[in-house]
Amino acid sequence: MKKYFELANNFFNGMTGLFMGLLSFAVMAEILFGTSVLGMGVIDNIMRLINHLGENGLVGLITLVILFGFLNCDDCKK
């Protein structure tokens with residue numbers, strides 16, 4: 001059973017890394033070319049998310065801390 005959890009964990013870590021790389025690429029492409037990438041305004045969506053979290057006060061701050069914890073998990077990077 002532990003083997004399956006490790007396999008799933010490795011898969012999701014790989015997918016998270018892939019999506020973070022794609023997100024970075026999309027932001028840079030939108031900055032450089034000034035247009036949305038594949039019809040998605042990446043920077044607008046990120047700004048909308050930040051504004052939404054900011055409007056929710058303490059709940060938004062807690063959500064942001066949890067998301068940051070998921071992305072910077074030391075055990076997840078092994």
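Colleague: Is I66 buried, partly exposed or exposed in this model?
Modeller: The model is predicted, and I66 is found in helix 3, residues 57–71. Its relative accessibility is 45%. Buried requires under 20% and exposed over 50%, so I66 counts as partly exposed.

Colleague: Which residues form a nonpolar patch on the surface?
Modeller: I66 is one of the members. The patch has about 720 Å² of accessible area together. Its residues are L58, L61, I62, V65, I66, L67 and F70.

Colleague: What should the 14 residues of helix 2 span at 1.5 Å a residue?
Modeller: Helix 2 covers residues 42–55. The expected span is 1.5 Å times one less than the number of residues.

Colleague: Which residue just after helix 2 takes a positive phi?
Modeller: The phi in question is about 60°. The residue with this positive value is G57.

Colleague: Which helix gives the most to the lining of the second largest pocket?
Modeller: About 200 Å³ of space lies in this pocket. Its lining includes L22, L23, F25 and A26, along with N45 and I46. Helix 1 (2–33) and helix 2 each supply at least two lining residues. With four residues, the most is given by helix 1.

Colleague: How far apart are the C-alpha atoms of T35 and F12?
Modeller: T35 lies in the loop between helix 1 and helix 2, and is partly exposed with a relative accessible area of 48%. Along the chain, T35 and F12 are 23 residues apart. Their C-alpha atoms are separated by 30 Å.

Note on methods: Residues numbered from 1 in each chain as written. Predicted model: local features only at pLDDT ≥ 70, side-chain atom pairs only at ≥ 80, totals over all residues. Heavy atoms only, no water. Patch = residues over 30% accessible without salt bridge, like charges linked within 9 Å, V, L, I, M, F, W, Y side chains within 5 Å. Areas by Shrake-Rupley, 256 points an atom, 1.4 Å probe, with all protein chains shown as cover. Salt bridge = Lys/Arg side-chain N within 4 Å of Asp/Glu carboxyl O. Buried < 20%, exposed > 50% of the residue type's maximum accessible area, 1.4 Å probe, protein only. 1 Å grid on protein atoms, 1.4 Å probe; cavity = no way out; pocket = protein on both sides within 12 Å on 5 of 7 lines; lining within 4 Å. Points joined across faces, edges and corners; volume = space filled by probe spheres on them.
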